[in-house]
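Take a walk through this fold, one feature at a time. Keep the sequence and the 3D view side by side.

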Amino acid sequence: MSQHRVYRSKVDGPIAVVAVLSLLVLVYLGASLPGQHQGVGLAVHAVGLCGLGFCVWTLLGTYYTIDATTLTAYSGPFHWTVALHEIRSVQSTRETRSGPALSFDRLRVEFGAGRVLLISPREKAEFLAELNRRGVQGVGP
């Protein structure tokens with residue numbers, strides 16, 4: 001059972017649309033400023049393009065892995081690693097707190113000394129079954 005499993009994040013359309021559209025507006029505004037504001041326009045354009053790149057990286061790069069000893073959540077350039085033996089509970093939630101979750105159909109992973117990680121695996125039932133197979137206690141629907 002040392003093999004690791006990869007679970008993509010579920011993505012809510014409104015989350016993706018709001019993130020991408022807001023950055024596209026910024027890119028458009030930077031490109032459409034009049035000539036006398038060309039320096040500002042280029043800066044706004046550059047920030048918008050960088051933000052758009054970061055957004056796409058996060059949308060495409062949010063996933064979770066489970067191996068023999070750890071659950072790791074990846075979201076763009078960030079990652080969180082949780083030892084499976086430290087997990088105290090995994091429950092469904094619709095919390096809006098920040099976390100590496102691109103959907104509000106989330107799992108609340110409680111671990112360590114009161115720490116919480118919010119994730120949103122697309123295959124939630126399979127994800128929970130895998131945690132059960134790995135001996136994680138406190139896994140619920």
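Where is the place of F54? F54 sits in helix α2. Helices here are DSSP runs of H or I with at least four residues, strands are runs of E with at least two, and both are numbered from the N terminus. Before going further, note that this is a predicted model, in which local features need pLDDT of at least 70, side-chain atom pairs count only at pLDDT 80 or more, and totals for chains, interfaces and linings use all residues. Residues are numbered from 1 along each chain as its sequence is written, and side-chain values use heavy atoms, with hydrogens and water left out.

Stay with F54. Its relative accessible area is 38%, so F54 is partly exposed. The scale is simple: buried means under 20% relative accessible area, exposed means over 50%, and partly exposed lies in between (1.4 Å probe, protein chains only). F54 and V25 are 29 residues apart in sequence, and their C-alpha atoms are 15 Å apart in space.

F54 also belongs to a surface feature. Together with W57, F78 and W80, F54 forms a nonpolar patch with about 420 Å² of accessible area in total. Areas come from the Shrake-Rupley method with a 1.4 Å probe, and for residues only the protein chains shown count as cover. A patch takes residues with over 30% relative accessible area and no salt bridge; nonpolar side chains (Val, Leu, Ile, Met, Phe, Trp, Tyr) are joined within 5 Å, like charges within 9 Å. Two elements, α2 (38–60) and β4 (78–83), each supply at least two residues of this patch. W80 lies in strand β4. At a relative accessible area of 32%, W80 is partly exposed.

Next, the empty space. Rolling a probe the size of a water molecule over the atoms shows where such space is left. The largest pocket has a volume of about 270 Å³. T58, S75, G99, A101 and L102 are the closest to its centre among the 15 residues that line it. The elements giving two or more residues to this lining are α1 (13–32), α2 and β4. Helix α2 gives the most, with four residues. By class, the lining has 10 nonpolar, four polar and one charged residues. Here Ala, Val, Leu, Ile, Met, Phe, Trp, Tyr, Cys and Pro count as nonpolar, Asp, Glu, Lys and Arg as charged, and the others, Gly among them, as polar. On a 1 Å grid over the protein atoms alone, a pocket is an open set of points with protein on both sides within 12 Å along at least five of seven lines, and lining residues have an atom within 4 Å of a point. Grid points are joined across faces, edges and corners, and the volume is the space filled by probe spheres set on the points.

Now the charges. A salt bridge puts a side-chain nitrogen of Lys or Arg within 4 Å of a carboxyl oxygen of Asp or Glu. The count comes to nine salt bridges. One of them joins R108 and E95 (2.4 Å, N to O). R108 lies in strand β6 (residues 106–111) and E95 in the loop between β5 (87–93) and β6, so the pair ties together parts 13 residues apart in sequence. R108 also meets E110 in a salt bridge (2.8 Å, N to O). E110 is partly exposed, at 27% relative accessibility. Elsewhere, R5, E130, R133 and R134 are linked in a network of salt bridges.

Methods
1 Å grid on protein atoms, 1.4 Å probe; cavity = no way out; pocket = protein on both sides within 12 Å on 5 of 7 lines; lining within 4 Å.
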